[in-house]
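Please look over the structure below with these notes beside you.

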Amino acid sequence: MNISSHPYYPEPGSTNQRKGFAKATWFGTLAFLAGLVLAFTSISLDLNPSLMVRQVAIEVGIAIGVSIFFDSRRGWKNLFRGDLACMVALYFLTLIEFLYPQTKFDQLLTPEQTKHAIEALLIGFAGLAIGRHINFFKPALPQWLDCSNIPDKALFRFFLISAFLAYFYMFMSVDFNPVKLIEALLGPRFGVPWGRGRLGDWRVFLSELKLFSFVIPSLTGIIWNRRQSFRGWQIFLVIFIFAFTLFEGFAGGTRNVLGSYIATFLGGYLLTLKRPNIFKVVIPIAIMGYLIVFATRHMLGFREMGISRYLATAAYDTQKVQGTLAVDYNLNSIGLLVDAFPTKHDFLGLELLVVFLTKPIPRILWPDKPEGLSISIEEVVGADGWTVAATYVGESYMMGGIVAVILISLCIGVLANWWSRTAAFNTTGYSIVVNALGFFTSVISMRSLIALTTSMLPILGLIFIAKTFPGLLGVKRLRQKYLRQ
């Protein structure tokens, strides 16, 4: 029997090479750029900072919507792209909260600082939009990304392997007591027994395996679409573990983690959806969208005190939680960084790239690894005792001003476009999982450029397992079985 003709072993790229690549349309990009220009020219220093940003948030939001409309005319699946995930994530991190009243923001920045922050952000958006049309790479799947030898039947096995790797250290930290685990999840996020120190130790190897939790949502979406190939108890176990993963992300109080879980689930689900229609596309996106908005409004309220105390004290009933939507005020951090560089501090240049590239290396292997930037975002914005995010736009500005924002945005757009094009060559569920994790990287890199290399580890881990230990996924056993037939 010819293995390549068996449905579990499709010929690499045989079907998808005939498909068109998912890519942005020029009409969509031009409409988006026009919206950015409109937002740029309509900035008025006569408005309060919150109203100034609100006006921009509405105009950019409409521009993204129009761009999506033009792109959708090439089919629903043309929207399942890394560059679009980047743009939506950046909008969520910086502007979406200003669709709600944010009078507190007026006390944080001056109108001039707000104007400069908005300009840097709009230039970042423009760089992403233009960069996604630049093609430096051939439209072919690199050999190191080809996982077409992994059969779809191996998805459930790898789902269990991912869940084991992701949560082994957590369970080990509570002596494998599930009650203690739930109690810890319901408590303050910085008091969990599986937390790591600032610099880490030997346990960092086990704690970093938590990154495999980002594989679980994408696998869930794919297995659900191909549920006819699995037993009922397998589907139940997949949904149960996926629900636990969402709960763990919610209880952790870190919104970008929960957002990444949702993004990777939608990536796996939408990339494998057969005969997509409004019901199958819009409803899941709407549910997940509502979930992230609901979670965002409450996670800020309980992440310091924990869910148990949050519910016991009815803290959820306060005006702070119910009155508005709060994300991170990342635009405030961008404004302060633009104001401080290079007036008060010299640009960091390549220093940030060094931290960016060395981030995944455990300190136990490199004790003298740089601990961070010579001047941190927290020092610049005056944050004492808590971490501050400024999105990749703020970090890029620290490197070299607007020029660095333009160059980094273009590079991210180019890479996101290339990754989206590789999706056309994926024929097996395992390959699609690898590609769907690119949505996780897209979302997480918008919050922090430094996290980009770390977010790539699950992708590299999947490729390493597929290339080095295929027998772990049942490939050798199944290939011998069909050879005998």
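1. Q113 is buried, with a relative accessible area of 15%, where buried means under 20% relative accessible area, exposed over 50% and partly exposed in between, using a 1.4 Å probe and protein chains only. This is a predicted model, in which local features need pLDDT of at least 70 and side-chain atom pairs count only at pLDDT 80 or more, while totals for chains, interfaces and linings use all residues. Residues are numbered from 1 along each chain as its sequence is written, and side-chain values use heavy atoms, with hydrogens and water left out.

2. Q113 lies in helix 4, which covers residues 111-131; helices here are DSSP runs of H or I with at least four residues, strands are runs of E with at least two, and both are numbered from the N terminus.

3. Leaving aside residues up to four places away in sequence, Q113 touches L108, G335, L336 and D339, a contact being heavy atoms within 4.5 Å. The side chains of Q113 and D339 are also joined by a polar contact of 3.3 Å.

4. Which residues of helix 14 are buried? They are N330, L331, N332, S333, I334, G335, L337, V338 and A340. Because nine of the eleven residues of helix 14 (residues 330-340) are buried, this helix is largely enclosed by the rest of the structure. The cover over these buried residues includes helix 2 (49-72), helix 3 (82-94), helix 4, helix 16 (377-381) and helix 17 (391-422).

5. For the protein chain as a whole, there are 21 helices and zero strands, and 53% of its 485 residues count as buried.

Key
Polar contact = N/O pair within 3.5 Å; in protein donor to acceptor, adjacent residues only side chain to side chain.
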